[in-house]
Amino acid sequence: MNDRRTASLPTSIDETLALLQGGGYVADRALATVLFLALRMKRPLLLEGEAGTGKTEIAKVLSAALGRKLIRLQCYEGLDLASAVYEWNYAGQMMAIRLAEAGGASGDRERLEGDIFSERYLIKRPLLQALEPQQGGAPILLIDELDRTDEAFEAFLLEVLADSQVTIPELGTVKAAEPPIVILTSNRTREIHDALKRRCLYHWVGYPDAARELAILRARAPHAPAKLAKQVVSFVQAIRKEELFKAPGVADAGRTRRGRARSGPGVGYPGGPAQVSGRHPGDAGLEGEGAAGPGEKRGPWLSPGVGLRHIKDRARRCG
């Protein structure tokens, strides 16, 4: 039994902000504006930005807040139609053919073809599932990390995004009675083709400023000490200004807060600044491969010449 409660779409930008806020997502007005327009105009929304800026989370919050099913297509290199749209149950089709031959019905070829190429043997993948009617209204279709796919797959998506339909040669065109709410994300590891961008509303999701990141941290960890939250935000904001291979995302601030909180009061929170050490228990949440001091092996975020001690000193001055 499905007890999901559906909600109506927001009728204003302020309602869109409140909808996201109610789901624990702290958005700025620019993001709420483009999301409201995408919902109102029934247009796909393409969100680009660095990894860890909360693009995927928007679709999850919308699904929970509106009470609609979330259908996610995780993109990767080599993604094809069989994994994204549909494929035939070849084993079932072969069994049907053998049974027809055994029963002496193989002579009626047209009838047999019509049977094995029916929906009975069709395996529906995320894009095709999103075009079907769903309880509670059209689903949320999340096409995540589109930049991981190749241009050939982008070309196929044009029909889905523009007309909310897909063409299956054996069955014909499958068109959605109500277009799904489509959100595409990209980390911009490559450029998305202009033809696809023209079919979407576009928004760049950047790193939040200190005030909004503090609000995000408080929403995600309401019981965290205020001083700890401010110090974590100052720390993360400071290291984003350094020359890093990969800057920390919003979720990394929450992991850093949890790591510091579990380290106990003897590590500087909330009793005072932490002692600078390349082996601090909380550093693992920031570097990804364990902490390292100057001259030792560094995690993937740290570029050559930038030591963890230097970053901590900068962060302490910011806090």
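Predicted model: local features only at pLDDT ≥ 70, side-chain atom pairs only at ≥ 80, totals over all residues.
Residues are numbered from 1 along each chain as its sequence is written, and side-chain values use heavy atoms, leaving out hydrogens and water.

**Exercise 1.** Check the length of helix H3 (residues 55-66).

*Solution.* Start with the term: helices are DSSP runs of H or I with at least four residues, strands are runs of E with at least two, and both are numbered from the N terminus. The expected span is 1.5 Å times one less than the number of residues. H3 has twelve residues, so it should span 16 Å; its end C-alpha atoms lie 17 Å apart, which agrees. Just after H3, Gly 67 has a positive phi of about 70°.

**Exercise 2.** Find which residues of H3 are buried.

*Solution.* Buried means under 20% relative accessible area, exposed over 50%, and partly exposed in between, using a 1.4 Å probe and protein chains only. The buried ones are Lys 55, Thr 56, Ile 58, Ala 59, Val 61, Leu 62, Ser 63 and Leu 66. Now look at their cover, counting contacts as heavy atoms within 4.5 Å: it includes helix H1 (13-22) and strand S1 (45-48).

**Exercise 3.** Decide whether Cys 75 and Cys 200 are buried or exposed, and count the disulfides.

*Solution.* Cys 75 counts as buried because its relative accessibility is 1%. Cys 200, at 6%, also counts as buried. A disulfide needs two cysteine sulfur atoms within 2.5 Å, and the search of the whole structure finds zero.
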